[in-house]
Amino acid sequence: MGIGKLESFLENHIEGFFNKRFSSSLELVELIKGIEKEVARQGRGKAMHQVPNCYAFTLAGDDYQRFCAQRVIDTLYAAVEKQVILQNYRMTGQLRIECRQDKARGIGTYTLESSYEELPTPQQSEAAANTIVLERSALLASTPLNLPREYKTVSLTVLEGPDKDAYLEFGEKKIYIGRRDKNEFILTDTKASRLHAWITYEEHRHILHDAQSTNGTFVNGKRVDTHCLQAGDKIKAGSTVLVYEVI
């Protein structure tokens, strides 16, 4: 068994072994840590640090019943998106998280498999994302499955300038920055352009674009036209300095 495979086996099974030994149920934090480790492991040594876009947990019956909820899928989905940014990775295709059950599996144990799949974009099929795999007999009309969600994973905070402490949380939506009223992040800084810059979401990363602003857009002191944002980056628009952070 290679080092990478051995590491994956230990990460996915050692904690589960002790849980099974003492018959304890899984906690959500264990699933979060597990999926964060899997994203980090998959990105190591890969070209362009591309990571899988599909993650499937297999849980014991009792654990599955506790975790087959949209709020759990939402939490795991956001954990993956944040990890991709923090590790400076990329991901192509729509992200999908699945929870399945194996009634023969011991309580407190799980397996996690990741894969690269070509999935429809959200515009093509909202049902492709954030899937909870349920048996038909367990499917309830009230279960909020596959609804469009807004995952706020990052923030912009003004550190310097007339709008100091102004704050915005966002996720996959396009964000416009500048003095005009219809921008998502409105600045009162007279040295900023009406439409100074915008941020898009590409390959599960936030990309900053200068909007041919009068005084330019800078990241960490360097003028940019386009820049893939990393946690802690400081953006300067006019006399305003904003920091981009994972929340």
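Is R90 buried, exposed or partly exposed? R90 is partly exposed, its relative accessible area being 23%, a value that lies in between the 20% under which a residue counts as buried and the 50% over which it counts as exposed. The model described here is a predicted one.

- An open sheet is formed by three strands in the order β2-β1-β3, and their pairing is mixed.
- Its edge strands, each pairing on one side only, are β2 (96-101) and β3 (110-115).
- From one strand to the next, the twist averages 15°.
- Strand β1 (residues 54-59) and β3 run antiparallel and are joined by six bridges.
- Within this arrangement, Y55 is placed opposite S114 in β3.

**The helices on the sheet**

- Helix α2, made up of residues 28-43, contains 16 residues.
- From its first C-alpha to its last, α2 reaches 23 Å, which is close to the 22 Å expected at 1.5 Å a residue.
- The buried residues of α2 include L31, I32, I35 and V39, and also the charged residues E30, E38 and R41.
- After α2 comes G45, which has a positive phi, near 75°.
- α2 lies across β1, β2 and β3, and runs at about 35° to β3.
- Helix α4 (residues 70-86) also packs on the sheet, where it touches β1 and β2.
- The direction of α4 makes about 135° with that of β2.

- E203 and R90 form a salt bridge in which the closest N and O atoms are 3.0 Å apart.
- E203 belongs to the loop between β8 (197-202) and β9 (205-210), and R90 to the loop between α4 and β2, so this pair ties together parts that are 113 residues apart in sequence.
- Like R90, which is partly exposed, E203 is partly exposed, with a relative accessible area of 33%.

**A salt-bridge network**

- R96 forms a salt bridge with E98, and the closest N and O atoms are 3.0 Å apart.
- Both R96 and E98 are buried; the relative accessible area of E98 is 8%.
- E98 also meets R100 in a salt bridge, at 2.5 Å from N to O.
- Through shared partners, salt bridges join R96, E98, R100 and E117 into one network.

Conventions: Residues are numbered from 1 along each chain as its sequence is written. This is a predicted model: local features need pLDDT of at least 70, side-chain atom pairs count only at pLDDT 80 or more; totals for chains, interfaces and linings use all residues. Side-chain values use heavy atoms; hydrogens and water are left out. Helices (H or I, at least four residues) and strands (E, at least two) are DSSP runs, numbered from the N terminus. The expected span of a helix is 1.5 Å times one less than its number of residues. Buried means under 20% relative accessible area, exposed over 50%, partly exposed in between (1.4 Å probe, protein chains only). Two strands pair if DSSP finds at least two bridges between them. Axes are lines fitted to C-alpha atoms, for helices over the stretch in contact, and angles run from 0 to 180 degrees between N-to-C directions. Contact means heavy atoms within 4.5 Å. A salt bridge is a side-chain nitrogen of Lys or Arg within 4 Å of a carboxyl oxygen of Asp or Glu.
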